[in-house]
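Here are a few notes to read with the structure open beside you. Take the points one at a time and find each spot as you go.

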Amino acid sequence: MAERPSSDAQSGRQILIRGGRVYDHDGDIDDPPVRDILIRGSRIVSVTAPDEDSELKQEIVSRAVISDEARVIEARGKLVIPGFVNSHYHSYDVLAKGLLEDMPFDVWALHSQPAYFGSRSRAELRIRTLLGALECIRNGITTLQDMNSLVPQDEETLDVILSAYAEIGVRVVFSIAVRDVGALDIAPFLPPDVSEAAMAIIRGAPKDAREEIAFVERQIKRLTPLPPRLTWGLSPSGPQRSSRALLEGVSDLAQRFGLPIFTHVYETKAQTAKARAIYGEHAGSMIRYLAAVGLLTPRTTIAHGVWLTRDEIAIMAEHRAGVAHNPISNLKLKSGVAPMHAAMQAGVRVALGCDNCSCGDSQSMFQAMKMFCLLAAVTDPNPTGVRAADAIKAATLGGAQAMNLEGEIGALRAGMKADLVVIDLDDVAWQPLNSAARQLVFSEAGRGVETTIVDGEIVMFERKIATIDEAALRDELASLMPTFRRDFANVAEANREAIPYLLAANERLKSHDVGINRFVAL
Ligand SMILES: [Zn+2]
């Protein structure tokens, strides 16, 4: 990658990360060589062997003693990797971590969708945003894609969330999730005896496509440019939750503002069955429909894709659209196993995500990478070519492509943004060190993550968060939780009547033929 001159590479603070093993996707991924990384401002200036540019490095070491404008991070015995990109995440239910289990998707939705909770305090919006970002930073995630459903959908709610992100210093591609069809995806498969009260819960509230698009456009215009590290994305929640007018409106915004698009596609069998029913003109395919409305583009990343067919994978490859694979939430919500090695083999770009805190319970790319590799065995007992290095690429370069930040993040090269993570190789996960790539994916659980740098800013140094007061955050969180827990219990109680009908619908879907299967038959 050519070194790119830029204003912030000429000026700003210098950081020298000295003597670490630096992970290069195209280098020795088992035994990465020792390299020094020089950062100036927000960008990497050079990645060099210890004996190169000695005078310049010595000058930085000397200057660091007397000036805050230079800093040296000793990384001997450590691994330096590009920061992970969490390509599918929602921050609205961070406080529901650990509250739910053993629920299929639509039952989970009853307990987690922001619309059921109504408006939240500014303090809660801020704390939940910070807490989710904090977990990302502690797990080596430097960029996240927050697909956020704003309730209420207003400027104040948006501003509180964005300012929390600016405060903690993580890189965020933020999208406002829009939809104008209110009903749960499984609604068409409910048994005929569904009660009126249950139907009222499941039906949701429709919205106006023009108003949804106008709100998003107003916010993009009002808040461009966003503070450093924040950029915009666009998100129709899912094609089946959107009218054609809404999707065309998103496509128009994407073209006019040059933005990436993130949307949920084929997460569940119910969504697939619904696609077969409502997209008759497009062979029952949500992917063909997306292509028809102009939303299957090189800037489009679909979340999940569990129920993609081989044909649809080929169409995605043709349109150079990508997928954000969320192996943990797919399993926790009983959605099935996504055909990701088939997608990889077809040349579809694959990114990885950790999804909601209430359906994955952990913002850990280590879990996502490991599961990405292991799940290939569910459908194929032979080698599939899905290897640790591929998982690392999906978690970094794949994410960078999805975020429309290719060439900026995802690798440690001169000219790229300084988004990186220092991992302690003394941790038992790395003893003995046989392969950096394989141990990063199969052994590391997050314990070794020591220092996280985003955009040239040190957001965590030797496990201490540098941007916010973590103890104060915990105190404020504790003071908010009685209200959250009470409201969570009230939502669960208010929606309880719908659960048996949703489970009955899910049961009916088991034998419903959609042409493919994403569960293992016993
Ligand atoms: Zn999602």
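1. Start with α20 (499-510), which gives the most to the lining of the second largest pocket: six residues. Keep in mind that this is a predicted model. Besides α20, both α3 and α10 (269-278) supply at least two residues each.

2. To find the middle of that second largest pocket, look for Lys269, Lys334, Asn506, Lys510 and Phe519, which lie nearest its centre out of 20 lining residues. The volume here is about 420 Å³. By class, the lining splits into eleven nonpolar, four polar and five charged residues.

3. Now hop over to the largest pocket, with a volume of about 690 Å³. There are 36 residues in its lining, and Gln113, Pro114, Ala115, Ser149 and Arg179 sit nearest the centre. You'll count 19 nonpolar, ten polar and seven charged residues around it.

4. Which helix supplies the largest share of the lining of the largest pocket? That's α3 (105-112), with four residues.

5. Last stop: helix α15 (residues 365-374) packs against helix α17 (residues 388-402) at about 135 degrees, with the axes 9 Å apart. Angles over 145 degrees would count as roughly antiparallel and 65 to 115 as roughly perpendicular, so α15 and α17 are oblique to each other. The crossing is right-handed.

6. Where do these two helices touch? Met365, Met369, Phe372 and Cys373 in α15 meet α17 residues Ala388, Asp390, Ala391, Ile392, Ala394 and Ala395.

Conventions. Residues are numbered from 1 along each chain as its sequence is written. This is a predicted model: local features need pLDDT of at least 70, side-chain atom pairs count only at pLDDT 80 or more; totals for chains, interfaces and linings use all residues. Side-chain values use heavy atoms; hydrogens and water are left out. Axes are lines fitted to C-alpha atoms, for helices over the stretch in contact, and angles run from 0 to 180 degrees between N-to-C directions. Angles under 35 degrees count as roughly parallel, over 145 as roughly antiparallel, 65 to 115 as roughly perpendicular and the rest as oblique. A crossing is left-handed if the near helix is turned anticlockwise from the far one by less than a right angle, and right-handed if clockwise. Contact means heavy atoms within 4.5 Å. On a 1 Å grid over the protein atoms alone, a cavity is a set of points where a 1.4 Å probe fits but cannot get out, and a pocket is an open set with protein on both sides within 12 Å along at least five of seven lines; lining residues have an atom within 4 Å of a point. Grid points are joined across faces, edges and corners, and a volume is the space filled by probe spheres set on the points. Ala, Val, Leu, Ile, Met, Phe, Trp, Tyr, Cys and Pro count as nonpolar, Asp, Glu, Lys and Arg as charged, and the others, Gly among them, as polar.
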